[in-house]
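User: Please take a close look at the nonpolar core of this model and at the parts around it. I would like one connected account.

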Amino acid sequence: MNVIEHYTGSKISVVRGSVVDMHVDAIVNAANSSLLGGGGVDGAIHRAAGPKLLEECRKLNGCKCGEAKITGAYNINNARYIIHTVGPIYSGSKQDAELLSACYKNSLDLALVGGCSSIAFPGISTGVYGYPITEAAEVSLNAVISWFDEHPDAKMDVYFCCFRDIELDAYIKLM
């Protein structure tokens, strides 16, 4: 495991595996705008959490790109919350990076408000949304470090969960 210790006492770690398996206060779902489940990590989280997650998500009226919403984790016993965020569909524009960065920062904001001290992120937008993994890793790492700088009193252990070797390699090169 590669770890960056930030001067605030927070840590950033890169791990091989799925967010569903992480023992953290909050796991992040790379959701679609409906929040009603889908493929990839979104489908895996919905399957693991069970039908009550879908019930709660229906009441949230979706989520806009770059924003985040929080629910209970239900049948995922190793987390208290699921934070749902909608990443951009990659187009190569400057706005893609801004929206992706917002996903990470808004998720961290919700985790902080929820009293969390640990959070696990999947690769947001790096699946069917087509965001190049190397670029996404750089945006996500910079977003988290920037969030730490903006919240010097917050203590948060952040995990980047890499389901594929290509994701793990991208983060290791950056760290």
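Analyst: Contact here means heavy atoms within 4.5 Å. The model is a predicted one. With neighbours within four places in sequence left aside, Ser 18 is in contact with Cys 161 and Phe 163. Ser 18 sits in the loop that joins E2 to E3. Its relative accessibility is 16%, and because buried means under 20%, Ser 18 counts as buried. A polar atom of the Ser 18 side chain lies 3.1 Å from the backbone nitrogen of Val 20.

Next, the core itself. The largest nonpolar core holds 34 residues, and those with the most contacts inside it are Tyr 104, Ile 119, Phe 121, Val 158 and Phe 160. Two or more residues each come from strands E2 (11-16), E3 (26-30), E6 (118-121) and E7 (157-162), and from helices H3 (94-113), H4 (133-150) and H5 (165-174). Helix H4 gives the most, with 9 residues.

Phe 160 shows how these parts meet. Neighbours within four places in sequence aside, Phe 160 is in contact with Ile 12, Ser 13, Val 14 and Val 15, among others. Its contacts also include Tyr 104, Phe 121 and Tyr 171, together with Ser 140, Leu 141 and Val 144.

Then the open space. The largest pocket has a volume of about 540 Å³. It is lined by 25 residues, of which Ala 30, Gly 40, Val 41, Gly 123 and Gly 127 are the closest to its centre. Helix H1 (residues 40-49) supplies the largest share of the lining, 4 residues. By type, the lining divides into 11 nonpolar, 11 polar and 3 charged residues.

Two loop residues deserve a note on backbone geometry. Most residues other than glycine have a negative phi. Asn 61, in the loop between helix H2 (51-58) and strand E4 (68-72), has a positive phi near 55 degrees. Asn 61 is exposed, with a relative accessible area of 71%. Tyr 74 lies in the loop between E4 and strand E5 (81-85), and its phi is also positive, near 55 degrees. Tyr 74 is partly exposed, at a relative accessible area of 33%.

Key. Residues numbered from 1 in each chain as written. Predicted model: local features only at pLDDT ≥ 70, side-chain atom pairs only at ≥ 80, totals over all residues. Heavy atoms only, no water. Core = buried A, V, L, I, M, F, W, Y, C linked by side-chain atoms within 4.5 Å. Buried < 20%, exposed > 50% of the residue type's maximum accessible area, 1.4 Å probe, protein only. Polar contact = N/O pair within 3.5 Å; in protein donor to acceptor, adjacent residues only side chain to side chain. 1 Å grid on protein atoms, 1.4 Å probe; cavity = no way out; pocket = protein on both sides within 12 Å on 5 of 7 lines; lining within 4 Å. Points joined across faces, edges and corners; volume = space filled by probe spheres on them. Nonpolar A, V, L, I, M, F, W, Y, C, P; charged D, E, K, R; others polar.
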